[in-house]
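The following note sets out some comments on the coordinates shown below.

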Amino acid sequence: GTNFRLTFSKRKVITRNKDPHLCPIRRLHMDLPFNEGGYLQLRAMAPDLIGQVMARYPPGQEADDLRLSLQAYLDDAMLVRFLRARDWDVQKAASMLSNTLLWRASDRPDLIT
C-alpha cells in the first residue's frame, strides 16, 4: 500500500508522509517550512524556561498548579507556533516564550472562566 496522501492547495500538491517515526509536529506541518532541529532545541529548553518562572514563586499548592498549567500550555503545537512566529530562530522563540510564560504566571489567563 501507499504511505502517503495528497493534499491540494492553490499553488501545489503537497505530499504528507504518514511515517510513524517522524516527529509528530513534522507530520502535522508537512506543508510548512520546518526546522526539526530548532523544534528539538526549543523542546529541550522548555523545562528550564518553566523553572525560571517557577523560581519566582514560593513552593506550595498554588505553585504546583501553576507548574502544571504552564507544562500543559507548552505542547508541541505551541512550540511550533512560537518558532514559526520568529522565523525558526530558536533564541528569539525562546525569549518570546519566556516572556509569555511570565505573563501567564502573573495574570493566570487559564483561570478565567
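1. Which residues of α4 are buried? In this predicted model, the buried residues of that helix are M78, L79, V80, F82 and L83. The helix is followed by D87, and the phi of D87 is positive, near 55 degrees.

2. Overall organisation. The protein chain contains five helices and two strands, and their order along the sequence is β-β-α-α-α-α-α. Of its 113 residues, 33% count as buried. Where contacts link residues at least 6 apart in sequence, 48% of them join residues at least 24 apart.

3. The largest nonpolar core. This core holds 24 residues, and the members that touch the most other members are L42, L70, L74, L83, L97 and L101. Two or more residues come from each of α2 (36-54), α3 (61-73), α4 (76-85) and α5 (90-107). The greatest contribution is that of α2, with seven residues.

4. Geometry and packing of α5. The 18 residues of α5 should span 26 Å at 1.5 Å a residue, and the C-alpha atoms at its ends lie 25 Å apart, so the two values agree. The buried residues of this helix are V90, A93, A94, L97, S98, T100, L101, R104 and A105. The buried residues of α5 pack against α2, α3 and α4. At the start of the helix, a side-chain oxygen of D89 comes to within 3.1 Å of the backbone nitrogen of Q91.

5. L97. This residue belongs to helix α5, and it counts as buried because its relative accessibility is 0%, where the limit is under 20%. Leaving out residues up to four places away in sequence, L97 touches L42, L49, L74, L79 and F82. Along the chain, L97 and L74 are 23 residues apart, and their C-alpha atoms are separated by 9.2 Å. Both L97 and L74 are among the core members that touch the most others.

6. T100. Also placed in helix α5, T100 has a relative accessible area of 18% and is therefore buried, the cut-off being under 20%. Its contacts, aside from neighbours within four places in sequence, are with Y73 and F82. F82 is itself one of the buried residues of α4.

7. R104 and the aromatic residues. The charged end of R104 sits over the ring of Y73, at 3.9 Å from the centre of that ring. R104 is listed among the buried residues of α5. As for ring-to-ring pairing, the structure holds zero aromatic pairs.

8. L70 and M54. Not counting residues up to four places away in sequence, L70 touches I50, V53, M54, L101 and R104. With the same exclusion, M54 touches A63, L66, R67 and L70. M54 is located in helix α2, and it counts as buried because its relative accessibility of 8% falls under 20%.

9. W88. Most residues other than glycine have a negative phi. W88 is placed in the loop between α4 and α5. With a relative accessible area of 14%, under the 20% limit, W88 is therefore buried.

10. R108. Where does R108 lie? Its place is in the segment after α5, and it takes a positive phi of about 50 degrees although it is not a glycine. Is R108 buried or exposed? R108 is buried, because its relative accessible area is 14% and the cut-off is under 20%. Its contacts, not counting residues up to four places away in sequence, are E62, D65, L66, S69 and W103.

Technical notes
Residues numbered from 1 in each chain as written. Predicted model: local features only at pLDDT ≥ 70, side-chain atom pairs only at ≥ 80, totals over all residues. Heavy atoms only, no water. Core = buried A, V, L, I, M, F, W, Y, C linked by side-chain atoms within 4.5 Å. Buried < 20%, exposed > 50% of the residue type's maximum accessible area, 1.4 Å probe, protein only. Helix = DSSP H or I, 4+ residues; strand = E, 2+ residues; numbered from the N terminus. Contact = heavy atoms within 4.5 Å. Expected span 1.5 Å × (residues − 1). Polar contact = N/O pair within 3.5 Å; in protein donor to acceptor, adjacent residues only side chain to side chain. Phe/Tyr/Trp six-rings, centres within 6.5 Å; stacked < 30°, edge-to-face > 60°. Lys NZ or Arg CZ within 6 Å of the ring centre and 35° of its normal.
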